[in-house]
Amino acid sequence: MRTFELVAPAGNTENFFAAMEAGADAVYAGVPGFNARNLARDLRLEEIAAMIDYCRAENKKIYIAANSLVLEKELSHVIKSLSLLQKLEPDALIVQDLGIIHLVRRYFPELKLHASTLMTAHNSDTVNFLASLGCELVVLARELTLKEIAVISDRCRGTKLEVFVHGAMCFSYSGLCLFSSYLGGKSGLRGRCVQPCRRAYSPDTKAKKGGGKKQRGGYLFSMNDLSGFEALPELRDAGVSSLKIEGRLRSAHYVKHIVRAYRTVLDSSPENKKEALAQAKLLADEAMSRRVSSGYFFSP
């Protein structure tokens, strides 16, 4: 399964080198100010430039996430950033906002475009439309089954497809959740999600006197993390180009262990598949994530 490109998160320089040393083929990092993760400190453009130079020297790739929604008052800042990014020549920009796609195509045509999973591409018509706008690769929506992915891939053979295989999952459709805006006043669509789905909740009801059990609360909206080890053969057969690991907010320890886990499986021979899978799951357990599931991959 060496034909897959393994793409890892690089929320900071420590995570970047952890991903590189663990065997990632590529990383993705955020543009300062308009990416979909509210980091404690955005990467500076100088740091991104150094990462790009490192990747070129090591025959690796780096994709820059410019995937938040952009307000009217921010357009001049976005244009300035796009101008600087064109000079830095990353391998592609990961985008969500149609306005950014328009600006890139018209004024910065040397920048390559990838469509973010936040564009919620759930079907082949969406993928083909995004390709017609100039997106060379589309990161599919996270709510798809393996069968749906295979059908989309068969109908979109001219466009590369990327799938998230590991990390946090959203209780809502990815990119369409207003929970954070409603409860915390900070938009998840602009990289500022306060993750209200990760909190514990209890019903606002009072038990009647002497009747019934008191309703219990809990982590009602908190999803298990995604683990896609078991789905790798089907994703390969479906023609998926890239496997993406979620986690720009995670630690370098997490990034190193998860990247190494997937590298172990992808590089194993058919005869050693079972041993490699067992070793990968041990590495993933050591990464200290939440409980995991296979997400939507095997859902009927």
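Close-up 1. Phe17 is partly exposed, at a relative accessible area of 37%, where buried means under 20% relative accessible area, exposed over 50% and partly exposed in between (1.4 Å probe, protein chains only). In this predicted model, local features need pLDDT of at least 70 and side-chain atom pairs count only at pLDDT 80 or more, whereas totals for chains, interfaces and linings use all residues. Residues are numbered from 1 along each chain as its sequence is written, and side-chain values use heavy atoms, with hydrogens and water left out. The structure holds eight aromatic pairs, a pair being two rings of Phe, Tyr or Trp (its six-membered ring) with centres within 6.5 Å, counted as stacked if the planes are under 30 degrees apart, edge-to-face if over 60 and tilted for the rest. Phe17 and Tyr54 form an edge-to-face pair, with 5.3 Å from centre to centre and 90 degrees between the planes. The pair links distant parts of the chain, since Phe17 belongs to helix H1 (residues 13-22) and Tyr54 to helix H2 (residues 45-57), 37 residues apart; helices (H or I, at least four residues) and strands (E, at least two) are DSSP runs numbered from the N terminus. Tyr54 is likewise partly exposed, with a relative accessible area of 29%.

Close-up 2. Phe179 is partly exposed at a relative accessible area of 22%, and Phe221 counts as partly exposed at 26%. Ring pairs join Phe179 and Phe221 with Phe171 and Tyr201 in a cluster.

**Close-up 3. Helix H1 and its surroundings.** The buried residues of H1 are Asn15, Phe16, Ala18, Ala19, Met20 and Ala22, and what covers them includes strand E1 (5-9), strand E2 (26-30), H2 and helix H9 (252-266). At the start of H1, a side-chain oxygen of Asn12 comes to within 3.1 Å of the backbone nitrogen of Glu14, while Gly23, just after the helix, takes a positive phi of about 110 degrees.

**Close-up 4. Charged side chains over tyrosine rings.** Lys244 lies over the face of Tyr28, 4.5 Å from the ring centre, and the charged end of Arg250 sits over the ring of Tyr254, 4.3 Å from its centre. A charge sits over a ring if NZ of Lys or CZ of Arg is within 6 Å of the ring centre and within 35 degrees of the ring normal.

Key: Contact = heavy atoms within 4.5 Å. Polar contact = N/O pair within 3.5 Å; in protein donor to acceptor, adjacent residues only side chain to side chain.
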